[in-house]
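These entries record what I looked up in the structure displayed here.

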Amino acid sequence: MFEAIPKLIGNLTRRTPKPKNEVDVFATPNAGVRTRGSDFTIRDVREASPSSRLDMVKNSRLLRAKLGLVRGVYENSSRFALGPSGIQPTSISGNLEWSLRADDRFLEVASRPEFDVREEQSFFQMQQLLLPEVMCDGDVGGARVRGADQTPQIQLFNTEAISNGGTFGPSRAERTAGARWKEGILRSEKGGRPLKYRIQHERKQGQTGSPIFTDFDKADFLHIGRFDRINQNRPMPWLHHGDESALDILDLTALEKQAARLNSFFAACIKTQNGQLPGGIEDILSTETDTISTEDSDGATTTKETTRTYANLFGGAGIPVLSIGEEMQFFKNERPSTTFAGFIDWLVNDIALGFGVPPQFVWALSGLSGPNARLVLQQADWFFAYLREMLITRFCRPVWEGIISDSMNRGLLPAPPAGTNWKKVTWQGPASMTIDKGRDGKLFEALVKAGLMTRSEWHEMSGKAGRTQRTRIIDEIAEDIAYCQERGVPLELYFGLNPTELTADGSTDPEEIAQSIITLQEENAA
């Protein structure tokens with residue numbers, strides 16, 4: 001962790017015991033078994049080949065760039081899961097003084113753009129960048145490195161940078177231990193634990209010869225992605241099940257647009273017995289001559305004249321007179337057809353359901369009734385909570401523990417007192433989505449007063465850090481009390497409380513009075 005982080009102050013960590021009874025994940029179970037009507041083995045069906053996975057990544061990126069629906073699923077899911085400020089950590093080690101110092105130290109390192117090797121993204125901005133990339137490509141990588149001043153930094157890599165490395169195989173010691181490289185990850189023979197990650201560097205301009213690779217130990221590398229299969233080596237793009245449906249939407253939409261344009265070119269047709277122009281329409285004909293110039297590859301210019309004849313039926317009040325047997329038939333534009341719209345709805349449902357988000361949240365939330373809208377929002381909220389948990393587990397928590405342990409090793413943060421857990425931290429995301437903010441607010445207020453919910457939980461449901469908000473409220477009231485006393489203003493006039501209740505305990509300390517005011521205001525409101 002940041003090259004030398006595993007050595008912590010005191011005995012803060014323990015070595016993870018080696019799991020027992022591990023099996024070889026590279027063995028081929030059920031060899032020779034076939035699915036009905038297929039030549040694929042069970043293992044072939046279970047996991048896509050590296051080339052197939054890269055094809056899925058290409059499709060996913062194409063659809064993200066070309067189809068607004070797909071881009072919206074990625075970007076909006078990330079936006080609703082992380083909010084405008086990202087996931088915020090708060091230490092709850094059990095020692096308030098140490099926790100506050102740990103929080104300050106983490107923000108000092110992680111809230112600067114210099115936390116990124118490219119000096120472009122803070123820790124919180126990285127979250128907004130990583131989550132859509134993970135959903136689009138399946139996985140991304142992050143290496144723990146150090147800046148010039150030895151401050152921890154993160155270097156991000158996209159999915160194609162995590163590479164096998166062509167001819168480079170395991171070292172002699174790795175071969176002896178049975179470890180094998182697969183899609184840029186060196187895994188142990190038994191258990192399949194990742195040991196190293198291989199990063200392929202981009203070629204410099206004019207560079208020739210073999211590509212250059214860097215291997216990172218597991219402790220120095222963050223592999224961020226969603227594993228949805230047992231013993232899966234590399235996560236798949238989240239849209240891999242629905243990329244065919246998304247490509248169908250692209251194709252059908254393009255065809256529908258062309259059909260609508262073609263239909264718009266022709267307003268009506270005239271039917272006659274002999275195909276000749278009716279005499280009754282000659283007076284409303286217009287002839288237009290145009291000159292078109294073209295230039296060939298040799299630079300020679302060719303000019304030709306074109307003549308267009310059309311009926312000016314819409315620019316004036318002309319009424320054509322047709323002979324018997326002649327008919328004018330106007331075209332009716334029925335684009336898009338009801339069949340097209342219904343099929344697009346089905347494709348959107350297929351994409352959204354497989355992705356994990358309710359289709360109505362993606363496509364048509366406005367037409368739902370109140371109860372159905374609440375159900376859809378609740379389902380979407382569960383999905384966004386899952387996204388946060390995945391990012392916390394694979395990225396946020398390892399980064400937090402790395403920065404704090406590194407700060408303790410370097411003497412920039414004292415070791416926590418005995419009996420405290422320095423790794424214990426909560427993560428605050430945005431407020432839950434609701435269409436009943438007023439009603440929910442009254443319910444949660446009643447729960448707080450009844451002791452069934454803490455004030456911190458109420459603040460966290462609103463997307464704010466509980467301890468920070470409680471401290472701010474008390475500090476603000478204490479500041480108001482001190483200023484009222486300085487100016488000689490009775491507290492009951494400012495806070496609207498009964499003076500006998502306010503001074504019943506005889507307290508003169510502003511902090512204690514502030515807490516009493518909060519309690520009395522809640523009792524009076526009840």
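I took helices (H or I, at least four residues) and strands (E, at least two) as DSSP runs, numbered from the N terminus. The expected span of a helix is 1.5 Å times one less than its number of residues.

The model is predicted: local features need pLDDT of at least 70, side-chain atom pairs count only at pLDDT 80 or more, and totals for chains, interfaces and linings use all residues. Residues are numbered from 1 along each chain as its sequence is written, and side-chain values use heavy atoms, with hydrogens and water left out.

Entry 1, helix α2.
I looked up α2, residues 50–66, and found 17 residues reaching 24 Å from first to last C-alpha, close to the 24 Å expected at 1.5 Å a residue. I then listed its buried residues (under 20% relative accessible area, 1.4 Å probe, protein chains only): R53, V57, S60, L63 and R64. Seen down the axis, these fall within an arc of 130° (taken from the directions from the helix axis to the C-beta atoms), so they line one face of α2. On the other side of α2, I noted K58, A65 and K66 as exposed (over 50%).

Entry 2, the sheet.
I traced four strands in an open antiparallel sheet, in the order β4-β5-β6-β7; strands pair if DSSP finds at least two bridges between them. β4 (180–182) and β7 (213–217) each have a single partner strand, so one side of each lacks a neighbour in the sheet. Three bridges join β4 to β5.

I placed L186 in β5 (residues 185–187), where L186 is the bridge partner of W181. L186 counts as buried because its relative accessibility is 0%. I found 9.5 Å between the C-alpha atoms of L186 and D215, which lie 29 residues apart along the chain.
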